[in-house]
Amino acid sequence: MTDDITLEERKVIYRARRGLKELDVYFDPYVKNYYLTADPFEKQMFAELVDQEDPDLLDWFMEVSEPPRPELKDLIKKLKFYVHG
């Protein structure tokens, strides 16, 4: 990562560290490879995603339930694609 990261980007990156392997497997590669070059809307969606509670995130990633916004569902699909192809 570069030194010219904004404070808000730093906060999002920090919040993306969950300590829960099932989520970190998706969040870590995204943060390392895509987050800083994402467009502002995607960064906003990722910030909203990492603000959610772990049980909700697990349900959404495991497709037990759906996120409240379709944009979050689209981002989850993208994160899963980055890991699983």
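In this predicted model, contacts between residues at least 6 apart in sequence were examined for the chain, and 57% of them join residues at least 24 apart. Along the principal axes, the C-alpha atoms occupy a box of roughly 40 × 25 × 25 Å.

Surface and charge were considered next. The accessible surface of the chain amounts to about 5,600 Å², and carbon and sulfur atoms account for 52% of this area. Of the 85 residues, 35% are buried. The chain carries 13 positive and 19 negative charges, whose mean positions lie 3 Å apart.

In soluble globular proteins, nonpolar side chains tend to be buried together. In the present model, the largest nonpolar core comprises 22 residues, and the members that touch the most others are Phe 27, Phe 46, Leu 49, Phe 61 and Leu 79. At least two residues of this core are supplied by each of helix 1 (7–15), helix 2 (21–33), helix 3 (40–50), helix 4 (54–61) and helix 5 (70–84). The surroundings of Phe 61 illustrate this arrangement: when residues up to four places away in sequence are not counted, Phe 61 touches Leu 23, Tyr 26, Phe 27, Leu 49, Ile 76, Leu 79 and Lys 80. Among these partners, Phe 27, Leu 49 and Leu 79 are themselves named with Phe 61 among the core members that touch the most others.

Helix 4 also contains Leu 58, which has a relative accessibility of 25% and therefore counts as partly exposed. Apart from neighbours within four places in sequence, the contacts of Leu 58 are Leu 20, Glu 22 and Leu 23. The pair formed by Leu 58 and Glu 22 is separated by 36 residues in sequence, while the C-alpha atoms of the two lie 7.4 Å apart in space. Asp 59 likewise belongs to helix 4. With a relative accessible area of 30%, Asp 59 is partly exposed, and beyond four places in sequence this residue is in contact with Val 64 and Ser 65.

The loop between helix 4 and helix 5 includes Glu 63. Although Glu 63 is not a glycine, its phi is positive, at about 60 degrees. Glu 63 has a relative accessibility of 63%, and therefore counts as exposed.

Leaving out residues up to four places away in sequence, Lys 43 touches Glu 9, Tyr 35, Leu 36 and Ala 38.

Technical notes
Residues numbered from 1 in each chain as written. Predicted model: local features only at pLDDT ≥ 70, side-chain atom pairs only at ≥ 80, totals over all residues. Heavy atoms only, no water. Core = buried A, V, L, I, M, F, W, Y, C linked by side-chain atoms within 4.5 Å. Buried < 20%, exposed > 50% of the residue type's maximum accessible area, 1.4 Å probe, protein only. Helix = DSSP H or I, 4+ residues; strand = E, 2+ residues; numbered from the N terminus. Contact = heavy atoms within 4.5 Å. Areas by Shrake-Rupley, 256 points an atom, 1.4 Å probe, with all protein chains shown as cover. Lys, Arg positive; Asp, Glu negative; His and termini not counted. Charge placed at Lys NZ, Arg CZ, Asp CG, Glu CD.
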